[in-house]
Amino acid sequence: VEWASRLDRLYPKSEELDGRGDAARHLGLGWLAKQSDSPNLTSFLIQAREYMNFDSGRKQDLFNNALGFEIDADTPEEATREIQRLISDGQAQVFTPTESRARRGYRNGGMVHPGINALTVDQGVPVNGIASFRPSV
């Protein structure tokens with residue numbers, strides 16, 4: 001699993017959320033599932049895990065997990081090359097950083113830390129019960 005979680009390092013940090021880095025991790029996870037002693041059960045479990053998160057990227061992650069499961073490679077190195085090919089050929093589902101922020105409702109840029117909801121700082125409107133703030137300039 002550590003190998004798959006590091007695949008996002010092949011791409012810019014700005015693409016770790018819904019971008020090429022995220023796709024690489026999920027493709028790698030799918031390939032790892034196929035290598036397990038119980039590939040069908042492992043594939044089911046990684047797919048089921050996506051339903052435990054209320055993440056706007058679920059469909060993309062499910063698709064890329066399943067695509068990774070179909071990778072025909074004998075080693076992590078071969079799988080890495082195939083993952084890069086699937087991403088560069090447009091077969092994996094990938095969003096640009098701008099598309100990702102829009103899909104997740106992040107307006108005006110900036111990353112939100114895990115577990116903290118985005119704030120609409122430009123309008124001072126609370127989101128999901130968390131009060132926003134206006135920095136003094």
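Guide: A residue is called buried when its relative accessible area is under 20%, exposed when it is over 50%, and partly exposed in between, using a 1.4 Å probe and protein chains only. The model is a predicted one, in which local features need pLDDT of at least 70, side-chain atom pairs count only at pLDDT 80 or more, and totals for chains, interfaces and linings use all residues. Residues are numbered from 1 along each chain as its sequence is written, and side-chain values use heavy atoms, with hydrogens and water left out.

Visitor: What percentage of the residues in the chain is buried?
Guide: The chain has 137 residues. The buried residues make up 33%.

Visitor: Which pattern does the chain follow along its sequence?
Guide: Helices (H or I, at least four residues) and strands (E, at least two) are DSSP runs, numbered from the N terminus. The chain has six helices and zero strands. Read along the sequence, the pattern is α-α-α-α-α-α.

Visitor: Is Asp18 buried or exposed?
Guide: Asp18 lies in the loop between H1 and H2. Its phi is positive, about 75°, although Asp18 is not a glycine. Most residues other than glycine have a negative phi. Because its relative accessibility is 1%, Asp18 counts as buried.

Visitor: Is Arg9 buried or exposed?
Guide: Arg9 is also placed in the loop between H1 and H2. The C-alpha atoms of Arg9 and Arg20 are separated by 9.8 Å, and these residues are eleven apart along the chain. With a relative accessible area of 65%, Arg9 is exposed.

Visitor: Which residues does Gln47 touch, apart from those up to four places away in sequence?
Guide: Gln47 lies in helix H3, residues 39-49, and counts as buried because its relative accessibility is 18%. Contact means heavy atoms within 4.5 Å. Not counting residues up to four places away in sequence, Gln47 touches Asp61, Leu62, Asn65 and Ala66.

Visitor: How far does helix H5 reach from its first C-alpha to its last?
Guide: Helix H5 covers residues 76-88, which is 13 residues. The expected span of a helix is 1.5 Å times one less than its number of residues. That expectation is 18 Å for H5, and the reach is close to it, at 18 Å.

Visitor: Why do the buried residues of H5 line one face of the helix?
Guide: The buried residues of H5 are Ala79, Thr80, Ile83, Leu86 and Ile87. The arc is that of the directions from the helix axis to the C-beta atoms. Seen down the axis of H5, the buried residues line one face because they fall within an arc of 125°.

Visitor: Which helices do the buried residues of H5 pack against?
Guide: The face of H5 turned away from the buried side carries the exposed residues Glu77, Arg81 and Ser88. After H5 comes Gly90, with a positive phi near 80°. The buried residues of H5 pack against H1, H2 and helix H4 (58-69).
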